[in-house]
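Open the model in your viewer and keep the sequence panel beside it. Each stop below says what to select and what is there.

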Amino acid sequence: MRKDLLGLEGLSREEIEEILDTAAVMREHLDKGEINLDYAKGVSVVNLFYENSTRTRTSFENAAKFLGANQVNIAVGNSSVAKGESIYDTVKTLESIKNGIVVIRHNMAGAPQYVAKKVNARVINAGDGQHEHPTQALLDMLTMKRHFGKIEGLTVAIIGDIKYSRVARSNIFGLLKMGAKVKLFGIKTLMPKGIEEMGAIVCDSIEQAISGSDVVMGLRIQLERQTSGQFPTVKEYFNEYGITMERMKLANKNAIIMHPAPVNRGVEISGEAVDCEQSRIFDQVTNGLAVRMAIIKLMAEEK
């Protein structure tokens, strides 16, 4: 594995497969309740989150803990960052106390890439602005692979706020490299111009996107978009663009429903769809832990 995991755009199919194969082994450990492992014993992992996060931060914290790594969790709001310290100075200070892996989440695109160039520590991008969220896409792919036994040949529909979604970008990069077909749908105000140049198919309706798909992935609608007038009322949005069980009838017979969470029930997806047998939304959480364990393990092996 290369020094840093900054995004899926620059990874090869072989590198993605290595992470997914390792994550499958980590998932087996989790299913057996084996959480006192020593794959990362002696390695220090710093969680540096400049954005609020519950799922991703907790997932990385548990991943490091279950692998036997030492942890340093930085509450940015209570650190020297709040006093004006730069990212570079913060990370160099952490590196000076021999921290081997830095997990960084930042609201500015490119922040993890900048840090990776400046320090010797290995860097994991836990989400940067509207750029990428590679570990989310990897856990999404692991979820698909566990259900279908493969990713190549699948048709994946990604529906919702495409414009502001780093999850969508990472999934497009990763899924296309793994041989899947990607369809996108979002209302025009939430669909970036030129997105089809990445290789995905832009659909004209939610029905077109779901029809014939193996995976239907909803993206969280940030409700602040509604107040800025980028789509109608929440009720109108759900009626016109929400993922429902009725619309899921258009998907392939064995299709699954996914969502990066947190879910706005009754906005981008119905509560019934969240809780149905086709849903893998809660399984994605466990797969996220397995993927983050896999990445830390692979990095620890090459420390």
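Begin with the cysteines: a search for disulfides in this structure finds zero. The model is a predicted one. Select C203, which counts as buried at 4% relative accessibility. Then select C276, which is buried as well, with a relative accessible area of 16%.

**The sheet**

Now show the strands β7, β6, β5, β8 and β9. How are these five strands arranged? They form an open sheet in the order β7-β6-β5-β8-β9, and the pairing is parallel. Color β7 (201–202) and β9 (256–258): these two stand at the edges, and each has a single partner strand, so one side of each is left without a neighbour in the sheet. In general, strands of a sheet pair through backbone hydrogen bonds, either parallel or antiparallel.

Select β5, residues 155–159. Is this strand enclosed or open to the outside? Five of the five residues of β5 are buried, so the strand is largely enclosed by the rest of the structure. In a regular strand the side chains alternate between the two faces of the sheet. Show the side chains of β5 to see both faces: T155, A157 and I159 lie on one side, V156 and I158 on the other, and all of them are buried.

Next, look at the partners of β5. With β6 it pairs in the parallel sense over five bridges. Find I158 and look across to L184 in β6, which stands opposite. To get from β5 to β6, follow the chain through helix α6 (residues 166–177); this β-α-β crossover is right-handed. Now turn to strand β8 (residues 215–218), which pairs with β5 in the parallel sense over four bridges.

**The aromatic rings**

Clear the selection and show the aromatic side chains. How many aromatic pairs does a search of the whole structure find? It finds two. Select F185 and Y241 for one of them: the pair is tilted, with 5.9 Å centre to centre and 40° between the planes. F185 lies in strand β6 (residues 181–185) and Y241 in helix α9 (residues 234–241), so this pair ties together parts that are 56 residues apart in sequence. F185 counts as buried, at 6% relative accessibility, whereas Y241 is partly exposed, with a relative accessible area of 23%.

Y237 is buried, with a relative accessible area of 2%. Select F185, Y237 and Y241 together and you have one aromatic cluster.

For another ring, go to Y39 and show K297 with it. The charged end of K297 sits over the ring of Y39, 4.9 Å from the ring centre.

**A helix and its neighbours**

Select helix α4, residues 111–118. Which of its residues are buried? They are A111, P112, Q113, V115 and A116.

**Two loops**

Find S279 in the loop between α11 (271–275) and α12 (281–301). Is S279 buried or exposed? It is buried, with a relative accessible area of 12%. Leaving aside neighbours within four places in sequence, S279 is in contact with I257, A273 and V274.

The last stop is K41, in the loop between α1 (13–31) and β1 (44–49). K41 is exposed, with a relative accessible area of 61%. Draw a distance from the C-alpha atom of K41 to that of L219: the two atoms are separated by 36 Å, and the residues are 178 apart along the chain.

Note on methods:
Residues are numbered from 1 along each chain as its sequence is written. This is a predicted model: local features need pLDDT of at least 70, side-chain atom pairs count only at pLDDT 80 or more; totals for chains, interfaces and linings use all residues. Side-chain values use heavy atoms; hydrogens and water are left out. Buried means under 20% relative accessible area, exposed over 50%, partly exposed in between (1.4 Å probe, protein chains only). Rings of Phe, Tyr and Trp (its six-membered ring) pair if their centres lie within 6.5 Å; planes under 30 degrees apart count as stacked, over 60 as edge-to-face and the rest as tilted. A charge sits over a ring if NZ of Lys or CZ of Arg is within 6 Å of the ring centre and within 35 degrees of the ring normal. Two strands pair if DSSP finds at least two bridges between them. Contact means heavy atoms within 4.5 Å. A crossover is right-handed if, with the strands pointing away from the viewer, the path from the first strand over the helix to the second runs clockwise. A disulfide is a pair of cysteine sulfur atoms within 2.5 Å.
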